[in-house]
Amino acid sequence: MTNSLSPEELQDLQALSPAERYDYLIELIQAGQSVWSLRSEQGTVLMSSDGQDCLPIWPHTECAQAWINGDWADCTPIAIDAAAWEQRWLPGLQADGIELAVFPSQDDEGVVVEPDDMAASLSAE
């Protein structure tokens, strides 16, 4: 469960560098907070980065909601429990060859990492 972000807080988070947004998300997952992504009628939304399928993920529902427009207008944010993220999603995405677009902002795709790399970041102190 997370607190709602104000528009100012959302803007401040989106203004962080991609590396800072990545570190921020890692800290929240380590603290047990949910990961957010988007789902449409066809399933979980993927985006492409340099020809590679990526699952976009965000630290808060408001960050994911900011992407609901255009091609993604039919999407809804989904929360993924931190434990399920680490135990099921990361190994499954790695096995499927899907990378992670970590906390993309409207201006920047964010850090793109392999699920195993995020798992290593999460286990680091």
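Is Ala-64 buried or exposed, and what is its relative accessible area? Ala-64 is buried, at 0% relative accessible area (buried is under 20%, exposed over 50%, partly exposed in between, with a 1.4 Å probe and protein chains only).

A note for every view: this is a predicted model, where local features need pLDDT of at least 70, side-chain atom pairs count only at pLDDT 80 or more, and totals for chains, interfaces and linings use all residues. Residues are numbered from 1 along each chain as its sequence is written, and side-chain values use heavy atoms, with hydrogens and water left out.

**View A. Ala-64 sits in helix H3 (residues 61–65).** Helices (H or I, at least four residues) and strands (E, at least two) are DSSP runs, numbered from the N terminus. Setting aside neighbours within four places in sequence, Ala-64 touches Trp-36, Ser-37, Leu-38, Trp-58 and Pro-77 (contact means heavy atoms within 4.5 Å). From Ala-64 to Leu-90 it's 26 residues in sequence and 19 Å in space, C-alpha to C-alpha.

**View B. Ser-40 belongs to strand E1 (residues 35–40).** Ser-40 counts as buried because its relative accessibility is 14%. Beyond its neighbours within four places in sequence, Ser-40 has Val-45, Asp-74 and Cys-75 as contacts.

View C. H2 has 13 residues and reaches 18 Å from first C-alpha to last, close to the 18 Å expected at 1.5 Å a residue (the expected span is 1.5 Å times one less than the number of residues). Its buried residues are Arg-21, Tyr-22, Leu-25, Ile-26, Leu-28 and Ile-29. After H2 comes Gly-32, with a positive phi near 90°.

**View D. Helix H4 (residues 82–96) packs with helix H5 (residues 115–123).** Their axes are 8 Å apart, at an angle of about 150° (axes are lines fitted to C-alpha atoms, for helices over the stretch in contact, and angles run from 0 to 180 degrees between N-to-C directions). That makes H4 roughly antiparallel to H5 (angles over 145 degrees count as roughly antiparallel, under 35 as roughly parallel, 65 to 115 as roughly perpendicular and the rest as oblique). H4 brings Trp-85, Glu-86, Leu-90, Leu-93 and Gln-94 to the contact, and H5 brings Pro-115, Asp-116, Met-118, Ala-119 and Leu-122.

**View E. Glu-86 of helix H4 is partly exposed, at 37% relative accessibility.** Neighbours within four places aside, Glu-86 contacts Ile-29, Pro-91 and Leu-122.
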